[in-house]
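Trainee: I'm new to this one. Please pick a single part and take me through it slowly, side chain by side chain.

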Amino acid sequence: MSVAARSIGEAFVAIAGRDRVRDDADSLAAAAIDGLEPRWIVRPASIDQLGRVLALACDGRLAVIPRGAGTSLQLGNPPARVDVVLDLAGLDQVIEYNPDDLTITVQAGITAGALGAVLAPHRQWLTLDPPGVAARTIGGIAATNASGPLRADTAPRATCCSGCASCRPTASQPGADRRS
Amino acid sequence: MPIVPRGSGTGLIGGAMAPLGGVMIGTNRMDDILEVDYPNRCATVQPGLINLALTRAVASRGYFFAPDPSSQMVSSIGGNVATNAGGPHCLKYGITTNHILGIELVTGTGELVRLGGKAADRPGYDLLGAAVGSEGTFGIVTAVTVRLLHAAEAVKTILASFTAIEDASEAVSAIIAAGIVPAALEMLDELMIRAINEGTGAGYPKDAAAVLLIELDGPSAEVEAQGERAARICWERGALEVRVAADVAERALLWKGRKEAAGAVGRLAPTYLLQDAVVPRSKLPAIMRELIAIGARHRVQIANVFHAGDGNLHPLILYDDREPAQLERAKAANEELLRACIEMGGTVTGEHGVGMDKAKNLPLQYAEADLNFMYRLRRAFDPDSIMNPGKLLPSHPACGEGFRPARPHVPAGAWI
């Protein structure tokens with residue numbers, strides 16, 4: 001490992017903490033996408049950390065692949081390269097939920113199953129039903145625009161997603177969203 | 001040279017005005033229905049086709065085009081796409097963007113691109129979603145493929161009147177929270193009821209401080225059951241009266257007042273500012289309290305008629321334009337109300353669009369990073385900013401937009 005690579009790894013550790021950055025052989029092998037192993041797996045604990053990880057990756061021209069539950073990473077073409085697997089499972093909080101508004105704002109790493117458990121006591125549910133939905137993350141479902149058989153009925157209604165905030169590789173502050 | 005697309009010119013935000021001069025391209029003669037595809041429940045039309053003309057063309061087969069802005073008798077589908085128009089029935093069916101499957105667009109560089117299409121699951125970026133509501137700043141739409149819906153088996157229209165606008169606001173929230181999604185859920189306040197009764201003869205209850213117009217549609221059994229529940233919720237919230245339209249004629253009469261509200265306001269004042277801000281539905285009681293306080297503080301009358309079900313306000317701030325002081329007070333009240341809505345988690349516009357009217361307000365709602373993203377997206381479609389400049393995005397010299405819209409001699413927000 002070069003000096004530069006080691007210092008990038010340490011910079012990730014400085015941002016997210018040692019237990020949230022993996023670069024051991026077993027972890028990297030387990031995180032391989034289409035046989036391509038990343039150099040680091042980073043699991044930010046906050047949006048702030050996520051923004052700083054992306055800014056650092058942008059500076060270092062590192063290829064980043066975000067991962068939710070990892071159920072759909074094999075879809076599509078194999079990646080040309082991957083340096084960082086950005087594990088979003090640590091960002092799984094409900095940000096705002098007012099059942100009367102019929103909307104909920106969550107972080108990308110929450111699984112549809114966990115979200116459903118929040119909604120169920122209020123007799124509400126998420127109409128998205130891609131295969132294996134309970135284990136999949138909301139961020140992953142959005143990224144792949146996944147859907148299931150129920151879309152035949154629910155598609156003409158108002159859309160399920162009414163807004164989102166995202167971190168860009170060059171920006172550390174996610175902006176406002178649209179919610180109506 | 002600025003290019004300004006124009007459909008029927010019914011927009012409320014100055015979207016089809018030419019503040020910088022240039023060339024206006026009218027699409028109103030491009031009004032053909034190119035294809036109606038019943039098996040796939042869609043139609044492809046030219047942008048100048050009048051909204052209601054499409055529904056009329058497919059009604060005999062039991063279909064309709066869902067977005068129903070109050071202007072639907074005269075507004076064009078291209079204009080509906082540009083502003084991402086809404087309407088009373090968008091509570092259940094969604095706004096224009098939920099009914100557009102594809103568009104053909106000539107961009108600011110003269111390229112013809114097709115975004116979206118009939119088939120679901122189109123891979124790649126959702127540029128169609130970005131283009132709907134872009135208010136002519138990406139290019140000119142030359143063909144639109146829209147979704148057609150099948151008309152519901154049964155429709156029930158209920159009118160509930162209340163002695164306090166807060167009771168009505170709470171009933172709205174309770175109806176939705178009970179799991180009922182009406183096709184439409186509209187609210188009118190005391191001042192508006194008076195104007196409508198004098199102006200249209202719709203016969204709304206005279207002594208009510210607020211009226212809810214609730215429309216349910218779907219299978220008969222469902223509509224019956226939900227109608228009873230909605231009525232019960234209104235009674236529980238202290239309704240004075242709950243009236244169910246007995247037949248088609250009575251339904252039409254209940255709606256007549258609502259649809260002609262904007263004209264009826266002429267009974268109250270010669271001019272008004274129309275606001276289009278949105279709050280999360282659960283904040284309705286709070287924003288109505290705030291609205292009354294703002295009106296009192298600035299000594300202006302505010303009449304309300306709006307899409308309560310989705311929290312989309314339409315306060316009409318009344319003034320007499322022969323008295324400049326009144327206009328100033330109305331503008332101050334308008335600005336304050338907009339800020340109050342944003343603070344409650346709302347947006348600057350629900351369905352009218354941004355245009356010239358609200359471009360300056362966008363920074364209230366979006367962070368600088370968000371706006372910069374929009375500038376960059378717009379430049380991908382229109383690198384020279386010739387398409388409808390001065391609309392939608394606030395002028396932003398740092399981004400090299402290269403234009404600063406001249407201030408027209410029309411008060412901000414006064415588009416009627």
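Mentor: Let's start with a word we'll need: a residue is buried under 20% relative accessible area, exposed over 50%, and partly exposed in between (1.4 Å probe, protein chains only). This is a predicted model, where local features need pLDDT of at least 70 and side-chain atom pairs 80 or more, while totals for chains, interfaces and linings use all residues. Residues are numbered from 1 along each chain as written, chains are lettered from A and ligands numbered from 1 in written order, and side-chain values use heavy atoms, without hydrogens and water.

Now find Q46(B), in the loop of chain B that runs between β4 (42–45) and α1 (51–58) (helices, H or I, have at least four residues and strands, E, at least two, as DSSP runs numbered from the N terminus). Because its relative accessibility is 16%, Q46(B) counts as buried. Who sits around Q46(B)? Leaving out residues up to four places away in sequence, Q46(B) touches M30(B), D31(B), D32(B), L34(B) and T142(B) (heavy atoms within 4.5 Å).

Staying in chain B, let's look at rings. Over all chains, the whole structure has four aromatic pairs (Phe, Tyr or six-membered Trp rings with centres within 6.5 Å; planes under 30 degrees apart are stacked, over 60 edge-to-face, the rest tilted). One of them joins F64(B) and Y93(B), edge-to-face, with 5.7 Å from centre to centre and 85 degrees between the planes. F64(B) belongs to strand β5 (residues 63–64) and Y93(B) to helix α3 (residues 90–93), so this pair ties together parts 29 residues apart in sequence. Both F64(B) and Y93(B) are buried.

Next come F138(B) and F381(B): their ring centres are 3.9 Å apart and their planes at 5 degrees, so they are stacked. F138(B) is in the loop between α4 (127–131) and β8 (139–147), and F381(B) is in helix α13 (residues 368–381), so here the parts tied together are 243 residues apart in sequence. F138(B) and F381(B) are buried too.
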